[in-house]
Amino acid sequence: MSALNAEPEGILLVDKPQGLTSHDVVDRIRRLYQTRRVGHAGTLDPMATGLLILLVGKATKASQYLMSQEKTYSGEATLGMTTDSQDADGAMVETRPVPDLTAEAIQAAMKTMLGDQYQTPPMHSARKVGGKKLYELARQGIEIAREPRFIRVESFKLLEWNAPKVTFDVHCTKGTYVRTLAYDLGEKLGCGAHLSALRRTSSGTLKLDHAMSLEKLGSLSPDELVARLIPVHQAVPSIALG
Amino acid sequence: MTAPLHLAIGAFDGIHLGHRAVLHSARQAARTHGGLVGVLTYEPHPSKVLRPQAAVPMIFGQAQKTDRLTEAGAQWIHYEPFTPDHAAMPAAAFPAWLKQKFPTLQTIHVGDNFRYGHQRAGDGQSLLQNSQALGLTVRLVDAVQLGQETVSSSRIRQALSQGELALANQMLLRPYEAEGVIGPGRQLGRTIGFPTINLTWQPELQPALGVYAVEVIHQGTALPAVANFGQRPTVENGPVAPLLEAHILRGTAPTTGDRIRVRWLNYLRSEQKFPNLAALQAQIAIDTVQAKECLGLTGDVVTR
């Protein structure tokens with residue numbers, strides 16, 4: 001008898017590959033675990049890779065808590081070119097020459113972006129205003145006023161400066177658009193920038209190290225699949241489940 | 001000023017448990033050695049000068065800050081204007097600047113995460129060292145832990161913006177409040193049986209949009225109320241600046257032009273759009289019952 005006969009339940013950590021939407025990953029997991037009840041706790045853009053938290057079965061009740069956790073990412077910004085979506089998936093808006101910058105100058109600019117602040121979501125985002133998704137409006141060339149959201153950038157560290165590419169680590173609150181941070185950094189440096197790579201490395205206490213690729217998951221037996229699920233009580237304090 | 005000064009220094013946004021511990025340290029020093037409990041803080045917040053595009057949104061404005069500092073024991077408050085010049089002061093020069101500015105200064109009290117001087121180069125340890133030669137005593141006060149979390153202004157801002165009002169209030173000790181003058185409304189509430197008072201209030205740090213159980217404090221009386229802080233998606237076309245509206249559950253409602261304080265006690269639900277006024281009306285009735293429960297009003301009390 002297969003272990004999938006009872007409805008599976010738990011938290012699954014997936015290393016999302018580039019090119020898939022977060023919802024594509026949800027679909028694959030639905031098929032693997034043979035249940036409709038699968039959700040995720042925080043979108044990764046198609047271009048981004050790394051930790052995607054999936055909630056299987058009754059674990060979907062932990063979604064609000066898991067979504068509210070702080071995130072860490074490794075990323076890469078390319079200076080000198082801005083795009084309409086602020087990342088490499090968008091269309092080019094303009095190019096500007098990249099000045100001779102020292103790592104110290106970039107670090108100093110990054111330091112000014114730390115702390116509590118309001119961030120205006122990009123037009124190319126799934127956030128809804130008046131029932132309409134912003135990116136749907138953006139595709140029609142419409143730009144509307146967006147409500148700035150409270151965020152905190154806990155740390156923003158330069159890993160490597162290899163012109164025109166800036167590699168960085170960032171630790172921020174939920175709802176922070178890293179591509180907007182990349183865009184803002186470009187504006188601070190005067191040459192513009194877009195986010196050219198992004199990898200989520202953790203969300204709260206859950207780490208990418210413990211995530212598995214879709215390929216590897218696909219090769220597991222039903223029993224092994226069930227064994228991959230982390231029980232909700234191990235990842236979420238009971239008080240957060242109300 | 002001739003009395004010895006025991007000075008608490010910091011940004012003090014919120015006057016939370018950690019800030020109160022720093023003030024307590026200054027109060028103890030004043031009790032032991034005699035003298036005044038003073039506070040040195042900055043106006044505007046340094047981030048408004050150093051990075052105006054991404055300035056830290058303040059939990060409270062200056063009036064509320066003064067009110068809470070006084071309540072926490074400050075007898076004398078100095079708001080130092082934060083200027084680019086001041087920001088350029090080397091950390092090593094800070095203690096001498098303090099001594100020259102406040103000649104009777106005797107003890108300094110700061111949180112253990114206090115930073116000062118150009119590019120925040122000075123910390124608690126360096127303040128200790130640099131102050132000794134000037135005869136100043138420095139007390140570093142540990143951060144306060146609440147359960148698993150460290151109490152901080154930053155955590156409170158996040159909690160308020162996410163609807164974690166209970167956590168924010170615990171950290172603040174005195175509940176979160178809005179203060180302002182009642183403005184004219186569109187008088188739509190009274191047509192559906194829930195007249196409201198409307199507060200003109202635009203905080204830098206915006207709490208989560210939604211419905212709250214509150215007390216409206218008017219001329220020294222606390223009136224239980226249910227409040228909505230939001231953009232009123234059911235009655236407005238498109239996004240507008242959020243408005244704070246309160247429906248008084250018991251007692252005489254204040255009127256337009258009156259100054260009130262709204263004390264936020266429980267977060268009930270997030271703001272949502274209803275298909276019509278009847279659906280909104282039904283939900284407000286539920287909110288009202290919930291708010292009454294939160295505020296300890298029994299079911300048989302008649303609202304006058």
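Visitor: Is E164(B) buried, partly exposed or exposed?

Guide: E164(B) is partly exposed, at 29% relative accessibility. Buried means under 20% relative accessible area, exposed over 50%, and partly exposed in between (1.4 Å probe, protein chains only). This is a predicted model, where local features need pLDDT of at least 70, side-chain atom pairs count only at pLDDT 80 or more, and totals for chains, interfaces and linings use all residues. Side-chain values use heavy atoms, with hydrogens and water left out.

Visitor: What does the side chain of E164(B) meet in a salt bridge?

Guide: The partner is R155(B), at 3.4 Å from N to O. A salt bridge here is a side-chain nitrogen of Lys or Arg within 4 Å of a carboxyl oxygen of Asp or Glu. R155(B) counts as buried, with 13% relative accessibility.

Visitor: How many salt bridges over all chains?

Guide: The count is 28. One of them, in chain A, joins R96(A) and E94(A) at 3.0 Å. R96(A) is partly exposed at 24%, and E94(A) is partly exposed at 33%.

Visitor: Back to chain B. Which residue does R20(B) pair with in a salt bridge?

Guide: R20(B) pairs with E71(B), at 3.4 Å from N to O. The two are 51 residues apart, R20(B) in helix α1 (residues 17-33) and E71(B) in helix α3 (residues 62-71) of chain B, so the pair links distant parts of the chain. Helices (H or I, at least four residues) and strands (E, at least two) are DSSP runs, numbered from the N terminus. R20(B) is buried, with a relative accessible area of 14%, while E71(B) is partly exposed at 43%.

Visitor: Which residues are linked with them in a network of salt bridges?

Guide: The network holds R20(B), D67(B), R68(B), E71(B), R174(B), E177(B), E215(B), R261(B) and R263(B).

Visitor: Change of topic. In what order do the strands of the barrel in chain B run?

Guide: Six strands close into the barrel in the order β8-β9-β12-β11-β10-β13, with antiparallel pairing. Neighbouring strands of this sheet are turned by 45 degrees against each other on average, direction ignored. Two strands count as paired if DSSP finds at least two bridges between them.

Visitor: How many bridges join β9 to β12 in chain B?

Guide: Three bridges join β9 (residues 197-199) to β12 (residues 243-248) in chain B. I197(B) stands opposite A246(B) in β12(B).

Visitor: Which strands does helix α9 of chain B lie across?

Guide: Helix α9 (residues 277-294) lies across β10, β11 (221-230) and β13 of chain B, at about 105 degrees to β13(B). Helix α8 (residues 165-172) lies across β10 (210-218) and β13 (259-270) of chain B, at about 135 degrees to β13(B). Axes are lines fitted to C-alpha atoms, for helices over the stretch in contact (heavy atoms within 4.5 Å). Angles run from 0 to 180 degrees between N-to-C directions.

Visitor: And the interface: how many residues of chain B are in contact with chain A?

Guide: 19 residues of chain B are in contact with 16 residues of chain A. Across this interface the rule finds one salt bridge. D116(A) and R157(B) meet in a salt bridge at 2.4 Å from N to O.

Visitor: What are the confidence scores of the model?

Guide: The model scores ipTM 0.74 and pTM 0.84. For chain B the mean pLDDT, the predictor's confidence in each residue from 0 to 100, is 92, and 97% of its residues reach 70 or more.

Definitions and conventions:
Residues are numbered from 1 along each chain as its sequence is written. Chains are lettered from A and ligands numbered from 1 in the order in which they are written.
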